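These are my notebook entries on a structure I looked up residue by residue.

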Amino acid sequence: GGAYITEQGLCWGLNPEPDITGSKTSSFTESIQGLTENTVYYVRAYATNAAGTAYGSDVMFNSGYELGTEALGGIVFYNDGLGHGLVCAAADLEPRMSWGCYGTLINTTSTELGTASANTADIIAGCATAGIAARMCSDLAIDIYNDWYLPSKGELALMYKNLKSAGMGNFDNEQYWTS
């Protein structure tokens, strides 16, 4: 309506089209606190002026697991907001292990998020040496979880940003291998 905006922010809830009578914040950039893990939420922007309150479109997300919590055999370091995420082992494997077969070209790997499992398989297929980082990760079993792999560069960067930089996880001040 062109009038001065007196209030704005985000509102959210468990049902589509949440409104300002429920949970809300007066910021577009503030973190939403107090969500229940692995729950679908709806959020939308709002603005209020003399003419009333207008709302933006709904955005649906799954809260997933909170970063830094223990889940699924490790520590959560990534949550995509769609109910999926990534965990890393809570403790380092054997320190100073070899990356792999030095001088052997493995040119099918990627640094991107979500490529590490395929990268690890490619490294193992291209290098029969025992005790290498990729094989150690692939052979790892924690509780019932045996689908571990050497992280991609993008995944290791998220571990650093979301865990180590926040004082979470059990990271040494050492260099880490990536796939």
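Is Asp143 exposed or buried, going by its relative accessibility? I read a relative accessibility of 71% for Asp143, which therefore counts as exposed, the cut-off being over 50%. I note at the outset that the model is predicted.

**Entry 1: backbone angles**

I stayed with Asp143 and looked up its backbone. Asp143 is not a glycine, yet its phi is positive, at about 55°. I placed Asp143 in the loop that runs between helix H2 (133-139) and H3.

I then turned to Glu17, another residue that is not a glycine and has a positive phi, of about 55°. Glu17 sits in the loop between strand S1 (7-13) and strand S2 (23-25). Its relative accessible area is 56%, so I recorded Glu17 as exposed.

**Entry 2: salt bridges**

How many salt bridges does the structure hold? I found two. As background, I wrote down that side chains of opposite charge can pair when their charged atoms come close.

One of the salt bridges joins the side chains of Lys24 and Glu7, with an N to O distance of 2.7 Å. Lys24 belongs to strand S2 and Glu7 to strand S1, so this pair ties together parts that lie 17 residues apart in sequence. I noted Lys24 as partly exposed, at 37% relative accessible area. Glu7 also counts as partly exposed, at 26% relative accessibility.

I next looked up Asp58 and Arg44, whose side chains meet in a salt bridge at 3.9 Å, N to O. Asp58 lies in the loop between strand S4 (52-55) and strand S5 (59-62), and Arg44 lies in strand S3 (residues 40-49), so the pair ties together parts 14 residues apart in sequence. Asp58 is partly exposed, with a relative accessible area of 30%. Arg44, in contrast, is buried, with a relative accessible area of 12%.

**Entry 3: Asn162**

Where is Asn162 placed? I located Asn162 in helix H3, which covers residues 153-162. With a relative accessible area of 15%, Asn162 falls under the 20% cut-off and is therefore buried.

Which residues does Asn162 contact, leaving aside its neighbours within four places in sequence? I listed Leu67, Phe77 and Met168. For Phe77 I also recorded a distance: its backbone oxygen lies 2.8 Å from a polar atom of the Asn162 side chain.

Note on methods. Residues are numbered from 1 along each chain as its sequence is written. This is a predicted model: local features need pLDDT of at least 70, side-chain atom pairs count only at pLDDT 80 or more; totals for chains, interfaces and linings use all residues. Side-chain values use heavy atoms; hydrogens and water are left out. Helices (H or I, at least four residues) and strands (E, at least two) are DSSP runs, numbered from the N terminus. Buried means under 20% relative accessible area, exposed over 50%, partly exposed in between (1.4 Å probe, protein chains only). A polar contact is a pair of N or O atoms within 3.5 Å; within protein, one must be able to donate a hydrogen and the other to accept it, and residues adjacent in sequence count only if both atoms are side-chain atoms. Contact means heavy atoms within 4.5 Å. A salt bridge is a side-chain nitrogen of Lys or Arg within 4 Å of a carboxyl oxygen of Asp or Glu.
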